[in-house]
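I opened this notebook page to record what I looked up in the structure, beginning with the overall fold and ending with the surroundings of the ligand.

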Amino acid sequence: MPSDHPLNRSAFGVRVRIREDNRSVAHVTPLTPIANLSRDPFLGYLGTLQQSGVQQVFTSALRAKDQRFFYELGFTLHEELLLLGHNFATPLSTPLQPTRRGRRSDRSAILHIDESAFPEFWRFDQSALSEAIKATPKTRIRVNAQYPLAGFAITGRSGRLGFLQRLAVHPQHQRSGLGRSLVADALLWSKRRFVRELLVNTQMENVGARELYESMGFSKKSAGLAVLQWSADT
Ligand SMILES: CC(C)(COP(=O)(O)OP(=O)(O)OC[C@H]1O[C@@H](n2cnc3c(N)ncnc32)[C@H](O)[C@@H]1OP(=O)(O)O)[C@@H](O)C(=O)NCCC(=O)NCCS
């Protein structure tokens, strides 16, 4: 399905993306403060999605205070996520492996790495990748400089807050220091741009990512995040 599918749009204060590999699944991301979302129009829109064949809707990773709106509409917990932050209080390490700017022509290789590195639910398709790139006013895309393309990081910033939106290294190239170099680059870029805190979220059971982030100075934020889900048959 092309990324310009008619239901891929912003409506009722949320952005909706239908999965390219399974059009019965949609992902919603709130665009406005949750307090501005209205229950009835949003419920109506869920009905429209259902009529178009959508059976399941997943939210983006939501903070605790933003989850209530969706719980009250019948969403249930899909997965809790760990939220980590780096406040730049500790010295940053220098990337040991060279990286370069990710170009538009790298997009299909980036998607291939993403597909190989992540479990099915979390995999990016073209529209999810575009969404991550456009999520913040400023974005940095980095890939390893040497052939073949083995890993990438997408980091965004909005004002003084930074977000490590995506990080993946192809399984055949993991544990050789590339992930650490990409995170080091993200931290240095953020610090140069006066970011106060760089945030990243990861699955609770993702031991590799957690070890990597904590070894680089990230620490767990007290309140985590959660992805909620809605099913048409409930
Ligand atoms: C997480 C990920 C990016 C790490 O990339 P990488 O290139 O293998 O990382 P590095 O080789 O730089 O490893 C850096 C450190 O991370 C930790 N680490 C990485 N993989 C690990 C694993 N499987 N188990 C435990 N620790 C791990 C270790 O502390 C490691 O240091 P060490 O090798 O000196 O022990 C990679 O495993 C990946 O793409 N995973 C799937 C996608 C993902 O989870 N992305 C992050 C989600 S937020």
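For the secondary structure I took helices (H or I, at least four residues) and strands (E, at least two) as DSSP runs, numbered from the N terminus. On that basis I counted six helices and 13 strands in the protein chain. The radius of gyration, taken over C-alpha atoms, is 18 Å for the protein chain, close to the 17 Å that the globule rule gives for 234 residues, so the chain is as compact as a globular protein of that length; the rule is 2.2 Å times the number of residues to the power 0.38.

I noted that this is a predicted model, in which local features need pLDDT of at least 70 and side-chain atom pairs count only at pLDDT 80 or more, while totals for chains, interfaces and linings use all residues. Residues are numbered from 1 along each chain as its sequence is written.

Next I looked up the domains, whose bounds come from an automatic or database domain assignment. Domain 1 covers 10–80 + 224–231 and domain 2 covers 88–195, with 26 Å between their centres, taken over C-alpha atoms. Counting two residues as in contact if their C-beta atoms, placed from the backbone, lie within 7 Å, I found four residues of domain 1 in contact with five of domain 2. On the side of domain 1 that touches domain 2, the residues divide into no nonpolar, no polar and four charged, where Asp, Glu, Lys and Arg count as charged, Ala, Val, Leu, Ile, Met, Phe, Trp, Tyr, Cys and Pro as nonpolar, and the others, Gly among them, as polar.

I then followed strand 13 (residues 225–231) and its partners, two strands being paired if DSSP finds at least two bridges between them. Strand 13 pairs in the antiparallel sense with strand 4 (residues 56–59) over three bridges, and V57 stands opposite W230. Strand 5 (residues 62–63) also pairs with strand 13 in the antiparallel sense, over two bridges, with L62 opposite A226. Strand 6 (residues 76–86) joins strand 13 over five antiparallel bridges, and L81 has L225 as its bridge partner.

Last, I turned to the ligand. Helix 6 (207–215) is among the elements that each supply at least two residues of the shell, and helix 6 gives the largest share, six residues. The residues of the shell divide into ten nonpolar, eight polar and three charged.
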